[in-house]
Amino acid sequence: MKESLRSITEQKAFAFCSFFSLNLIFLLNLSIIVICYKNLLKKSKRKGFDMIITNNDWVYEKYKNCSNHNMFFIEGSYKDVLIKTRDKIHEGYELLTHPLSSSLKPNETPFKSIIISENKDKLNMDSLIIIENSIMSWEKFNNEKLKLNFTKQIIEDFKLIDLTVLESALNKK
Amino acid sequence: MKLELGYIYIKDIQFAEKSKVENGTLYVNKEEIKALVMEDQNFKSVEVELAKPGDSTRIMPVKDVIEPRVKVEGPGGIFPGMVSKVQTVGSGKTHVLKGAAVITTGKIVGFQEGIIDMTGTGAEYTPFSKLNNLVLVCQPVEGLKQHEHEKALRFAGYKIAIHLGELARTLVPDESEVFETPTVKEGFKLYPELPRVAYVLMLQSQGLMHDTYVYGVDAKQSLTTMLYPTEIMDGAIVSGNCVSACDKNTTYHHINNPVIHDLFSEHGKTLNFVGVIITNENVYLADKERSSDWSAKLAEFLGLDGVIISQEGFGNPDTDLIMNCKKIEAKGIKTVIITDEYAGRDGSSQSLADADVSANAVVTGGNANEVINLPALEKVIGYTSVADIIAGGFSGSLHEDGSITAELQVITGATNEMGFNKLSAR
């Protein structure tokens with residue numbers, strides 16, 4: 001009798017433990033799923049994810065296969081890069097680097113690379129003011145066309161400066 | 001912290017068998033200088049030239065200008081963390097070859113910048129036309145990358161300036177000047193009635209050819225911090241900025257920073273000069289927010305009443321300048337900003353790429369877009385052909401007779417944003 005009672009008690013205890021363990025496993029799995037989902041949601045906002053708008057093929061070639069950056073290559077001028085950046089800011093993207101980076105003036109170098117956020121939110125007024133002022137500066141400088149004849153070497157040097165200035169920001173992120 | 005600067009006035013520079021300073025003349029052994037530069041295997045050859053005030057000489061493209069100094073008493077050496085070992089400088093005694101400079105030139109990239117004319121119209125715009133200059137024209141070995149070339153040239157300048165500075169070690173200065181900054185606690189006690197004023201010194205820090213170093217640290221990697229003003233006089237800050245000749249701060253500008261000198265001259269009389277806050281000008285906007293937050297925080301923490309802010313460069317730094325100004329003013333601290341202008345050739349366009357109502361006290365170094373004519377000079381040290389592709393130059397800048405028509409921004413130091421200018425509107 002005692003044996004059978006003990007057996008029943010053990011079976012009940014086993015059943016309870018099994019039930020508890022299964023629930024625990026279930027809860028753990030649920031937590032993992034929730035954490036993974038949250039991480040998935042956060043992924044696009046993780047540090048290091050962004051969009052590079054550039055007309056510099058050196059920048060494009062170097063970063064086009066880099067998973068941290070979305071590339072937006074423009075076959076156009078410095079001003080085209082500024083205008084595309086402004087359009088993106090209108091859509092709600094945030095400016096991450098200054099559009100007038102480098103002391104090379106907007107009527108000297110033909111190349112420009114700008115980093116914006118990968119995701120859009122509501123309109124960022126700080127970004128908007130900076131890009132509008134930058135476009136005004138571009139226009140001011142280009143009222144006086146320099147008509148410079150650049151050699152291949154000089155073109156490459158401009159690309160290098162644009163690339164290295166951009167990388168000074170990428171390395172800081 | 002207390003530093004005595006002993007000035008040995010240099011009125012002439014000549015080549016000679018033996019390098020020495022005698023009766024105000026700096027004698028330089030040319031071969032000795034060449035051998036020192038050529039210790040760096042990055043150079044294929046070097047030419048050493050002299051350029052004196054009044055000479056019919058044009059130097060271009062200029063990379064850096066450095067004043068020879070030597071530390072004769074106190075800890076550390078000139079250019080700590082770059083050439084001398086890392087140790088806090090700014091106290092003791094330093095000798096200066098006042099009136100002499102080392103100038104580095106070189107074609108690091110195809111487009112170039114920076115003219116110093118020793119006579120004529122151009123000479124009026126640059127303070128370096130008044131100096132006795134030793135000019136290094138360095139040729140890199142084939143295939144040397146731009147980064148290495150820039151660094152090699154920079155270090156050649158420091159090395160030769162230190163070599164010449166050593167000539168002053170045992171000399172008796174013609175004149176001495178003492179600069180002393182009390183601790184914050186002492187300052188409060190000494191000058192309880194005087195307004196507490198600091199200097200926010202913005203450092204160029206955007207990347208290749210746009211860098212500044214503090215005790216050997218690339219400024220873009222540093223948070224906003226503080227220095228005693230005299231540390232800067234011993235070369236704690238050096239320039240690696242080779243772009244935008246008119247408003248770049250050369251190493252000469254840093255060690256002779258006129259804002260620091262003028263604040264010292266009023267220290268204990270009309271104000272209490274508390275110290276220097278150094279901050280960077282990175283291209284990443286989050287860095288700008290962080291650095292300007294820290295400038296404002298330190299200004300508040302020091303209990304300041306007023307701040308003078310100087311910037312370096314155009315465009316991107318304008319945003320740092322306005323952020324610093326706006327945030328410091330928001331703490332109830334008065335600011336004056338020093339800048340230059342790109343207001344178009346007729347001077348009618350907006351001068352800066354950013355603005356704010358709190359920036360209501362501004363000192364300008366001039367309009368860099370103004371067009372000037374530089375006469376042909378007899379001798380050119382460096383490379384004349386770069387005139388057409390120099391910042392502020394344009395196609396046809398260089399005329400057949402050797403004269404140049406270009407914007408003021410071609411001239412090294414012409415619109416300096418520390419206010420180190422020879423001309424003024426007064």
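Predicted model: local features only at pLDDT ≥ 70, side-chain atom pairs only at ≥ 80, totals over all residues.
## Extent of the interface

Chain A brings 36 residues into contact with 44 residues of chain B. The size of an interface is often given as the accessible area lost when the parts come together. Here chain A and chain B bury about 3,400 Å² between them. Carbon and sulfur atoms account for 63% of that buried area.

## Polar terms across the interface

Between chain A and chain B, 15 residue pairs are in polar contact, with both residues at pLDDT 80 or more.

## The chain A side

Two helices of chain A each give two or more residues to the side that touches chain B: helix H4 (125-142) and helix H5 (152-170). The largest share comes from H5(A), with ten residues.

By class, this side of chain A holds 17 nonpolar residues. A further eleven are polar and eight are charged.

## Chain B as a fold

Chain B has 426 residues, and 62% of them are buried. Its secondary structure comes to nine helices and 25 strands.

Take the contacts in chain B between residues at least 6 apart in sequence: 79% of these join residues at least 24 apart. The accessible surface of chain B comes to about 15,000 Å². Carbon and sulfur atoms hold 50% of that surface.

Key
Residues numbered from 1 in each chain as written. Chains lettered and ligands numbered in written order. Heavy atoms only, no water. Contact = heavy atoms within 4.5 Å. Buried area = accessible area lost by both parts, 1.4 Å probe. Polar contact = N/O pair within 3.5 Å; in protein donor to acceptor, adjacent residues only side chain to side chain. Helix = DSSP H or I, 4+ residues; strand = E, 2+ residues; numbered from the N terminus. Nonpolar A, V, L, I, M, F, W, Y, C, P; charged D, E, K, R; others polar. Buried < 20%, exposed > 50% of the residue type's maximum accessible area, 1.4 Å probe, protein only. Areas by Shrake-Rupley, 256 points an atom, 1.4 Å probe, with all protein chains shown as cover.
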